[in-house]
Amino acid sequence: MRAVVITRGGGPEVLEAQDVEDPAPLGEGEVLLQVAAAGVNRADTLQRHGRHPPPAGASPYPGLECSGTILALGPNVPSRWSIGDKVCALLSGGGYAEKVVVPAGQLLPVPEGVSLTDAAGLPEVACTVWSTVFMTSHLSPGESFLIHGGSSGIGTVAIQIAKHLGIKVFVTAGSEEKLAACKDLGADVCINYKTEDFVERVKQETNGKGVDVILDNIGGSYLQRNLNSLGVDGRLFIIGFQGGAVAEVNLQAVLARRLTIQAAGLRGRSLDNKAQIVSEVEKNVWPAVTAGKVKPVIYKTFPLSEAAEAHRLMETSTHIGKILLLP
């Protein structure tokens, strides 16, 4: 099969589509997919630099989500899955390939009304958003929610899920075009972080109270400002360190307003934990997707052989929504 190989650590040019061995025979509860499309995620660019290695036993090829057709079933796969089913999947790696092996607990049916290709843009973002701000931070209807990077793949889905559940949504983004896209998806308050202080704007829009939950991909450089933007019992969930992993912070606000700081990734979790998240996403998010309330926002697709171009685009951060690769 063809797969994208990281030939060494470095820039996008180190990605090469090569002929590689087909995946190993299926183990207990595993499924083989013919990949239709694979989502490109920022974590893939970190893996390319050698900073986000796959977990033990995972495929060495990048790609944390895909869509496709079931080609074969291993022993003891639940009877709901059959050869020929159209699915999308959360992966520990290996999406940038023509075939990939997936534990059955990480499969989702392609939602009605979504194309097989576009479905590749849903699993990683839906599982990230649901497992963080909903399952862990318990964001609830009637609360307020600040999303940094509102026009990212994660941001575009987070806006839609939150609005569907009756939550007031604040976003930051770095251009008027991105903010307009966030507004079209339902965001209530759109803040250009290049020209405005988001703390001031949040305080202004909440009568000085602050928001209930923040989803943050920046990390260190935003930590103090995020704490300053939260209201009483507020929760900050960190999913990335684009602004560094180290910060000096005044913790007074944490004590005074009973704030909680949370952080997690998805890739390193146990199979049982991933299966639980996928099951919750199918139960809570998939009905909204089927109803057309939550849609994958696809910016651009590239053939597998142009994975380097896809990574260059990801690293310019000019895209809105998801970038996909098509084997």
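Residues are numbered from 1 along each chain as its sequence is written, and side-chain values use heavy atoms, with hydrogens and water left out. Because the model is predicted, local features need pLDDT of at least 70 and side-chain atom pairs count only at pLDDT 80 or more, while totals for chains, interfaces and linings use all residues.

**Nonpolar cores**

Begin by selecting Val133, Phe134, Phe145, Ile161, Val171, Val281 and Trp286, which touch the most other members of the largest nonpolar core, a set of 42 residues. A nonpolar core here is a set of buried Ala, Val, Leu, Ile, Met, Phe, Trp, Tyr and Cys residues joined through side-chain atoms within 4.5 Å, and buried means under 20% relative accessible area, exposed over 50% and partly exposed in between (1.4 Å probe, protein chains only). Next, colour helix α2 (residues 123-134), which gives this core its largest share, seven residues; helices (H or I, at least four residues) and strands (E, at least two) are DSSP runs numbered from the N terminus.

Now centre on Phe134 and look for Val129, Leu139, Ile161, Ala162, Leu165 and Ile167, its contacts once neighbours within four places in sequence are left aside, where contact means heavy atoms within 4.5 Å. A second, separate core has 27 residues, among them Val4, Ala38, Val87 and Leu91.

**Charged side chains**

Select Arg235 and Glu143, both of them buried, whose side chains meet in a salt bridge (2.8 Å, N to O); the term means a side-chain nitrogen of Lys or Arg within 4 Å of a carboxyl oxygen of Asp or Glu. Arg235 belongs to strand β12 (residues 230-238) and Glu143 to the loop between α2 and β8 (144-148), 92 residues apart.

Then move to helix α8 (residues 271-284), where Glu280 and Lys283 lie three residues apart, about one turn of the helix, and are joined by a salt bridge (3.4 Å, N to O).
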